[in-house]
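Okay, thanks everyone, I'll keep this short. Let me put the thing on the screen, and then we'll walk through some side chains.

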Amino acid sequence: MADVMDRIDEHVKNNPVIIFMKGTPQLPQCGFSSRAAEMLKSCGKEFAYFNVIADMEVFQNLPRYADWPTFPQLYVKGELVGGHDIMLEMHEKGELKKLVDEATG
Amino acid sequence: MQQTITSKLEQALSPEHLEVINESHMHNVPEGSESHFKVVIVSDEFKGKMPVARHRLVNKALEQELKGAIHALALHTLTMEEWFEKGKAPESPPCEGGGKN
């Protein structure tokens, strides 16, 4: 199996918008992940997701990938945007949709 | 835990305003748990920094706790200017027991 950091990196690099979350957008397993996925859905564009609960290795190692200790984590164009609270801040200002629009162009 | 978070953040970021709220009761954890927290922190250390950088400052200060006891940390990081813009006045001082007379 490829190194977990390489695997994470692949997901981040191969998807313009990806959220690492607990559960799935359809069946989230954490309030913060749930609301983060809802915000992304409301942007109206397709996005990728990775369920960290279904992959213990990613769950344990993602925090050191981008030096970010909590879930969910949103990456756009290979860069960490932030977690739920930063997404909410951006969402309220209309910046989240703009960012997603630009990335999925 | 609440006290630890408060003192570590005070030390690291000299906040103008700091709220550390235990929100564990809102989650599926045993009564009296100290696992889910919300932090509202106002500090000029955040000036000119993007949200990710601000959160990293807080995460760094609470590194040990985040590896262990803290399960969730909701973070609201503001500068003094943003704090006033948001229209939230500073909290009123407590009564301190004086009567009308």
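So, is A:D9 buried, exposed or partly exposed? Just keep in mind that this is a predicted model. A:D9 comes out at 25% relative accessibility, so A:D9 counts as partly exposed. The side chain of A:D9 has a salt-bridge partner in A:K13, at 2.9 Å from N to O. The two sit four residues apart in helix α1 of chain A, so about one helical turn separates them. A:K13 itself is exposed, with a relative accessible area of 52%.

Next, helix α2 of chain A, residues 31–42, where A:K41 and A:E38 are three residues apart, again about one turn. Their side chains form a salt bridge at 3.1 Å, N to O. Both ends are partly exposed: A:K41 at 38%, and A:E38 at 41%.

Now for A:R7 and A:D55. That salt bridge is 2.9 Å, N to O, and the pair ties together distant parts of the chain, with A:R7 in helix α1 and A:D55 in the loop between β2 and α3, 48 residues apart. Both residues are buried. And A:E57 joins in too, giving a salt-bridge network of A:R7, A:D55 and A:E57. Over all chains, the count is eleven salt bridges.

Last stop, chain B. B:S24 lies in the loop between β1 and β2, yet B:S24 is buried, at 2% relative accessible area. Its side chain makes a polar contact with the side chain of B:N22, at 2.5 Å. Further along the sequence, B:S24 touches residues including B:V29, B:E34 and B:H36.

How values were computed: Residues numbered from 1 in each chain as written. Chains lettered and ligands numbered in written order. Predicted model: local features only at pLDDT ≥ 70, side-chain atom pairs only at ≥ 80, totals over all residues. Heavy atoms only, no water. Buried < 20%, exposed > 50% of the residue type's maximum accessible area, 1.4 Å probe, protein only. Polar contact = N/O pair within 3.5 Å; in protein donor to acceptor, adjacent residues only side chain to side chain. Contact = heavy atoms within 4.5 Å. Salt bridge = Lys/Arg side-chain N within 4 Å of Asp/Glu carboxyl O. Lists of a residue's contacts leave out its neighbours within four places in sequence.
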